[in-house]
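Open the model in your viewer and keep the sequence panel beside it. This tour goes stop by stop, with something to select at each one.

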Amino acid sequence: MTGSERREQLVTVSRALFAEKGFEGTSVEEIAVRAKVSKPVVYEHFGGKEGIYAVVVDREVQRLLGMLTEQLSSGGHPKRVVERAALALLDYIEANTDGFRILVRDSPVAQATGTFSSLIGDVASQVEHLLAAQFRTRRLDPAAAPMYAQMLVGLIALTGQWWLEARSPEKSVVAAHIVNLAWNGLSGLERDPQLSRLDLA
């Protein structure tokens, strides 16, 4: 193998192990054994487990963010944008199950910027301007858009984590239900929401 081919092999092997066992449960020795190389080869290419993990996570983040960004930036009615974003996440989970398992596991502290929550924050920041425009149209406070963006993206992401294991119903049905809750909730927003008074006496 060339150096680049060996590097790709190590990334592929490590990705499968991290998905199966997590970062803490995977050792450099296991990576080397499964790749049929010596431990020094792994260290030579990545400097250790942290280095190869960073490469694996970065690739998954870029893949998922690319899929979501494409849908969020494709224009059209905001409801369709939400539908496409929900389907894009479920498509990613279906096609990249190992990658999604890695992203939703707890990452080492050193990789805090590559965690699933930071990825969700990146996506939410792209959704903010879409919601802010809708809020202005409906005479709602656009300053609340960042908070609602977090809620909306969090709803899709957590449902995706559940569907990762459940795989039922099919993804188009799950996406339709996500949009049903999110869109119908957004369409009925109050200008000044208040909690109900609970009289316990």
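## Stop one: a buried glutamate

Select E60: with a relative accessible area of 2%, E60 is buried, because anything under 20% counts as buried. E60 belongs to helix α4, residues 49–72. Now show what surrounds E60. Beyond its neighbours within four places in sequence, E60 is in contact with R15, Y92, N96, G99 and L103.

One caution before moving on. This is a predicted model. Colour the chain by pLDDT: the average is 88, and 94% of the residues score at least 70. Confidence is highest in helix α2 (residues 28–35), at a mean of 97. Confidence is lowest in helix α7 (residues 116–137), at 82. Where pLDDT is low, the predicted coordinates should not be read in detail.

## Stop two: the loop at N96

Pick N96, one of the contacts of E60. N96 is found in the loop between α5 and α6. Is N96 buried or exposed? N96 is buried, at a relative accessible area of 12%. Not counting residues up to four places away in sequence, N96 touches R15, E60 and R63.

Select helix α5 (residues 78–95) and helix α6 (residues 97–104). At what angle do their axes cross? They cross at roughly 110 degrees and come within 5 Å. The two helices are therefore roughly perpendicular to each other, because angles of 65 to 115 degrees count that way. Show the side chains where they meet. From α5, the contact uses L89, Y92, I93, E94 and A95. From α6, it uses T97, G99, F100 and L103.

## Stop four: aromatic pairs

How many aromatic pairs does the structure hold? It holds five. Begin with F23 and Y53. Their ring centres are 4.9 Å apart, with 70 degrees between the planes, and the pair is edge-to-face. F23 lies in helix α1 (residues 3–25) and Y53 in helix α4, so the pair ties together parts that are 30 residues apart in sequence.

Next, select F135 and Y148. The centres of these rings are 5.3 Å apart and the planes stand at 75 degrees, so this pair is edge-to-face. F135 lies in helix α7 and Y148 in helix α8 (residues 145–166), so the pair ties together parts 13 residues apart in sequence. F135 is buried at 3% relative accessibility. Y148 is buried too, at 17%.

F18, F23 and Y53 form one aromatic cluster.

## Stop five: charges over rings

The charged end of K49 sits over the ring of F23, 4.3 Å from its centre. Then select W163 and R167. R167 lies over the face of W163, at 5.1 Å from the ring centre.

## Last stop: M147

Select M147, in helix α8. At 48% relative accessibility, M147 is partly exposed. Finish with a distance between C-alpha atoms. Those of M147 and S125 are separated by 9.8 Å, and the two residues are 22 residues apart along the chain.

Conventions: Residues are numbered from 1 along each chain as its sequence is written. This is a predicted model: local features need pLDDT of at least 70, side-chain atom pairs count only at pLDDT 80 or more; totals for chains, interfaces and linings use all residues. Side-chain values use heavy atoms; hydrogens and water are left out. pLDDT is the predictor's confidence in each residue, from 0 to 100. Helices (H or I, at least four residues) and strands (E, at least two) are DSSP runs, numbered from the N terminus. Buried means under 20% relative accessible area, exposed over 50%, partly exposed in between (1.4 Å probe, protein chains only). Contact means heavy atoms within 4.5 Å. Rings of Phe, Tyr and Trp (its six-membered ring) pair if their centres lie within 6.5 Å; planes under 30 degrees apart count as stacked, over 60 as edge-to-face and the rest as tilted. A charge sits over a ring if NZ of Lys or CZ of Arg is within 6 Å of the ring centre and within 35 degrees of the ring normal. Axes are lines fitted to C-alpha atoms, for helices over the stretch in contact, and angles run from 0 to 180 degrees between N-to-C directions. Angles under 35 degrees count as roughly parallel, over 145 as roughly antiparallel, 65 to 115 as roughly perpendicular and the rest as oblique.
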